[in-house]
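Dear colleague,

Please find below the structure that I am handing over to you. My notes on what was found in it follow.

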Amino acid sequence: MSHTRRAFLYQVLGACMASKATALQRRAPAVARRNPEPFIGYGLVNLWYTIDAARLAARLHAAGCNFTEIEYVAWFNEAARRGESAETRVRAAQRLVKAMRRRNITTMISLVNWNGSAQRKQDDAWFLERLREIRSVIGPDRVILLPVSEPDGQEGGKAYRWAEMATREWPGLRAGNGDVGRGDPRVPGFDYVDWHHCDDFTEKTLRLTTAGKPTLNNTDCGPVLNPGPTRAAAMARIALARGAHFGVYGFKDSSIDETVIRALGEEICRRREAKTTPASMPHS
């Protein structure tokens, strides 16, 4: 083979590999890779914009946690709790996510809580605007987007339509949620399934996968919204032993629950020590 022909083939091969790499980046950008380690963490989900985000990130990081969650349309006042508010604060959310990124913590952004009647009544244009502002102002790096939390068929199946819009518009990781927070999501295209346990999960009820994707075991349900340190530690112990994802949903918290974060950290530390301690050598 002549030198000229060999050089040409190398050029073609290089161009093909570059093209393939570019295509792969478009299909699966680095920010859209699932986390190799289990997510364990805590979210001050409603009053997140009132606290020092850097302090929350530091506390989570010191405990070994790598996950938090916020409600984008937060239930932060009486109007919101009555389902009469659809207020959002994208710049505050941006600050919080930036603080988490500095500590390598992933934030799940629950865009719409379907339990809020004001949110349910918004039109598609409103949802699309919220989605695009999160994409442009916050971005997908270390973010999991949950388009609609606890959907159902009300409003002509709007919740499912919004989830489909997010599948088309959001370039990063997405979480799906089954009807009222459990079951297989109706809309495909998700990377995780957010599962809302209504009891403290046990070794038998902990979920590893749902619909073929990793399950985010979440305490987003009335009886376990704020489980406290003892119950959170017990569930974390189970999740860590099984390599499962687990998030504590601090629905009622008006300040950072240091006791829960510390309890999670103790379980994380205990699990790490167990994994690094060599097994006892048998007696000869």
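**Helix packing and a buried loop residue**

In this predicted model, helix α2 passes helix α4 in a right-handed crossing. Helix α2 covers residues 53-63 and helix α4 covers residues 90-102. Their axes lie 8 Å apart and meet at an angle of about 30°. Angles under 35 degrees count as roughly parallel, and α2 and α4 are therefore described as roughly parallel to each other.

The residues that form this contact can be named on both sides. Helix α2 contributes Ala 53, Ala 54, Leu 56, Ala 57 and Leu 60, which meet Arg 95, Leu 96, Ala 99 and Met 100 of α4. By class, the contact has 8 nonpolar residues, 1 charged residue and no polar ones.

Ile 51 also deserves a note. This residue is found in the loop between β1 (40-43) and α2. Its relative accessible area is 17%, so Ile 51 counts as buried, the cut-off being under 20%. Leaving aside residues up to four places away in sequence, Ile 51 touches Leu 44, Leu 56, Ser 254, Ser 255 and Ile 256. Ile 51 and Ser 254 are 203 residues apart in sequence, yet their C-alpha atoms are 8.4 Å apart in space.

Regarding confidence, the protein chain averages a pLDDT of 87, and 86% of the residues score at least 70. Over residues 2-31 the pLDDT is below 50, and this stretch has 7 contacts in the model beyond near neighbours in sequence.

With kind regards

Definitions and conventions
Residues are numbered from 1 along each chain as its sequence is written. This is a predicted model: local features need pLDDT of at least 70, side-chain atom pairs count only at pLDDT 80 or more; totals for chains, interfaces and linings use all residues. Side-chain values use heavy atoms; hydrogens and water are left out. pLDDT is the predictor's confidence in each residue, from 0 to 100. Contact means heavy atoms within 4.5 Å. Axes are lines fitted to C-alpha atoms, for helices over the stretch in contact, and angles run from 0 to 180 degrees between N-to-C directions. Helices (H or I, at least four residues) and strands (E, at least two) are DSSP runs, numbered from the N terminus. Angles under 35 degrees count as roughly parallel, over 145 as roughly antiparallel, 65 to 115 as roughly perpendicular and the rest as oblique. A crossing is left-handed if the near helix is turned anticlockwise from the far one by less than a right angle, and right-handed if clockwise. Ala, Val, Leu, Ile, Met, Phe, Trp, Tyr, Cys and Pro count as nonpolar, Asp, Glu, Lys and Arg as charged, and the others, Gly among them, as polar. Buried means under 20% relative accessible area, exposed over 50%, partly exposed in between (1.4 Å probe, protein chains only).
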